[in-house]
Amino acid sequence: MAANMYRVGDYVYFENSSSNPYLVRRIEELNKTANGNVEAKVVCLFRRRDISSSLNSLADSNAREFEEESKQPGVSEQQRHQLKHRELFLSRQFESLPATHIRGKCSVTLLNETDILSQYLEKEDCFFYSLVFDPVQKTLLADQGEIRVGCKYQAEIPDRLAEGESDNRNQQKMEMKVWDPDNPLTDRQIDQFLVVARAVGTFARALDCSSSIRQPSLHMSAAAASRDITLFHAMDTLQRNGYDLAKAMSTLVPQGGPVLCRDEMEEWSASEAMLFEEALEKYGKDFNDIRQDFLPWKSLASIVQFYYMWKTTDRYIQQKRLKAAEADSKLKQVYIPTYTKPNPNQIISVGSKPGMNGAGFQKGLTCESCHTTQSAQWYAWGPPNMQCRLCASCWIYWKKYGGLKTPTQLEGAARGTTEPHSRGHLSRPEAQSLSPYTTSANRAKLLAKNRQTFLLQTTKLTRLARRMCRDLLQPRRAARRPYAPINANAIKAECSIRLPKAAKTPLKIHPLVRLPLATIVKDLVAQAPLKPKTPRGTKTPINRNQLTQNRGLGGIMVKRAYETMAGAGVPFSANGRPLASGIRSSSQPAAKRQKLNPADAPNPVVFVATKDTRALRKALTHLEMRRAARRPNLPLKVKPPLIAVRPPVPLSAPSHPASTNEPIVLED
């Protein structure tokens, strides 16, 4: 009963989506609407996933400074990952949500230097905050309400001076004595002098034109003259005149007229006081925001002084009574029963028909967080096309804390401390495909099309570093592992060290001997067949079957067809499986070809090896396999044991004279 009773000031979970994490909010008011429903006016708290990456980096630097100042014990990478889920950012944004969307209570506390961060992980539903997020300005600032507890906030008490020892401190920076309790005057004499000071203050307000307008009556002028500012001035006058009443009287009324002392209550106009009350209702006791948005012409000290004087007026007492009456009329607590409806993200619930909620999900998939394969209940998580899922415990963790228990490659767990963006060139599905927990069968489904190309434009220093620091860079090893990070800063630093020495001994560059253009053109003409001339105005017919024929061009980079390797007896499709008799192969002419939109292109083709393909591989020797891998453009001649291989018939090239003085004309 008490767990389902929610009161004003409680931190609670709100659910606005079945797949997104809960919202953490603080209840400010509980209002009953006209149709009988209960709405909660709440204060918004934001998670790390709700703010930008630049603000996340700012929060990381603030967390590192906190750990250094408070000397926190060391934590593991997984604990540091989970602590980011426990950190919230307070805001001054209010919103109204239905009370029926409350899903439970939680605890949110202000982070203190005496707190140990690892203790928050030991408690369930426990969060902390230290920064304030402004959703409008997109800023992240330190909370002004910080409790200053710690060794650096303690006063340093100096040693007591010995007898006869001189005080070498700067007396101008020391406190000044304003009242001596051991003065020669009696209490009755002091009270009489204070009455005279009030009378002089009332007379001074009668002579002042601005004061007579603000306090038109004698009672208001006398009340203003009886405030603390007049008493402080009278007691200071006694202190400066050595508690001599005659000298103090003459100081109260100098030659130019009586001295007028006014405090902030008299300096402020009625309109300024109304602005202050409006700002106090909106921002509370945040005097910096009050000054910035409502009273920029006032100083901060003036606003603070006016606030504490305003609390002594009848206006403050009236507003306090009105707020108490409104609070009595509003709801103080509300009972929300436990939410028991099934989540629509459930894949297979216990006792339901198999495949009812898990249609389309493959068997054997593990939990994306803890990588378990057994759970009483599974939940769909992430984009539908990726078919990811979470177990029951990880789903509850995701809903409460907005993250996964363990850092994954998808969330950037593999990023090192020196290279924070080691996989910035990879898309999100590609980065997840590199995860060691992703099987090879499902890796192709996680790959998505990269619809935006990029160009790497290297500088002269980078090109020099590639040649001079070849031992550190290891370009061949880096080319085989393009996803592995390269410490570019270390290579550039080493290059700057080696560069002065390399200027004396120039690099050995082996020039590449290139054939002249005429020789290359002659070779192309000798190998390529002549095309028949067609008259202008007529279109040249295109033979689609000619595209799959092998022209015997050894020097031109062409894709090696499978028929040239395994023979044309059995047609094979792109994935290695033989085509059925009723299915048309891609080499046959199509009656009508549709243009594919690049955005609607199919997923990348995956080669699935069959028994025949594996038999062909076994027929190759180790040397032939390596030679074929180095030169994939050349046709491969294999004699499979099961499939009769018919060698391709090379096309007879037309005879051309070996040398001619006539110009060579290339026709298209």
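Helices are taken here as DSSP runs of at least four residues, numbered from the N terminus. In this predicted model, helix H10 spans residues 270-283, and just after H10, Gly-284 takes a positive phi of about 75°.

The buried residues of H10 are Glu-272, Ala-273, Phe-276, Glu-277, Ala-279, Leu-280 and Tyr-283. They lie on the same side of H10, because they cover an arc of only 165° around the axis. An α-helix has 3.6 residues a turn, so residues three or four places apart point the same way. The packing partners of these buried residues are strand S5 (87-98) together with helices H9 (264-267), H11 (287-293), H12 (300-310) and H13 (314-329). Turned away from the buried side is a face that carries the exposed residues Ala-270, Ser-271, Glu-281 and Lys-282.

Ring pairs join Phe-276 into a cluster with Trp-268, Phe-287, Phe-306, Tyr-307, Tyr-308, Trp-310 and Tyr-316. The structure holds 19 aromatic pairs. Of interest among them is the pair of Phe-127 and Tyr-401, whose ring centres are 5.6 Å apart and whose planes meet at 50°, so the pair is tilted. This pair links distant parts of the chain, with Phe-127 in strand S7 (residues 126-134) and Tyr-401 in helix H14 (residues 392-401), 274 residues apart. Phe-127 counts as buried at 0% relative accessibility, and Tyr-401 counts as buried at 3%. A second pair, Trp-310 and Tyr-316, has ring centres 5.2 Å apart and planes at 70°, so this one is edge-to-face. Trp-310 is buried at 5% relative accessibility, whereas Tyr-316 is partly exposed, with a relative accessible area of 22%.

Charged side chains meet aromatic rings as well. The ring of Tyr-401 has the charged end of Arg-86 sitting over it, 4.2 Å from the ring centre. Likewise, the charged end of Lys-41 sits over the ring of Phe-94, at 5.1 Å from its centre.

Glu-15 is found in the loop between strand S2 (11-14) and strand S3 (23-32). With a relative accessible area of 12%, Glu-15 is under the 20% limit and therefore counts as buried. Its side chain makes a polar contact of 2.8 Å with the side chain of Arg-103, and another of 3.2 Å with that of Lys-399. Leaving out residues up to four places away in sequence, Glu-15 touches Tyr-22, His-101, Tyr-339 and Asn-343, as well as Arg-103 and Lys-399.

Asn-345 occupies the loop between strand S9 (333-335) and strand S10 (378-381). This residue is buried too, with a relative accessible area of 15%. The side chain of Asn-345 reaches the backbone oxygen of Ser-18 at 3.2 Å. Apart from neighbours within four places in sequence, Asn-345 is in contact with Ser-18, Ser-19, Trp-378, Tyr-379, Ala-380 and Trp-395.

Notes:
Residues are numbered from 1 along each chain as its sequence is written. This is a predicted model: local features need pLDDT of at least 70, side-chain atom pairs count only at pLDDT 80 or more; totals for chains, interfaces and linings use all residues. Side-chain values use heavy atoms; hydrogens and water are left out. Helices (H or I, at least four residues) and strands (E, at least two) are DSSP runs, numbered from the N terminus. Buried means under 20% relative accessible area, exposed over 50%, partly exposed in between (1.4 Å probe, protein chains only). A polar contact is a pair of N or O atoms within 3.5 Å; within protein, one must be able to donate a hydrogen and the other to accept it, and residues adjacent in sequence count only if both atoms are side-chain atoms. Contact means heavy atoms within 4.5 Å. Rings of Phe, Tyr and Trp (its six-membered ring) pair if their centres lie within 6.5 Å; planes under 30 degrees apart count as stacked, over 60 as edge-to-face and the rest as tilted. A charge sits over a ring if NZ of Lys or CZ of Arg is within 6 Å of the ring centre and within 35 degrees of the ring normal. The expected span of a helix is 1.5 Å times one less than its number of residues. The arc is that of the directions from the helix axis to the C-beta atoms.
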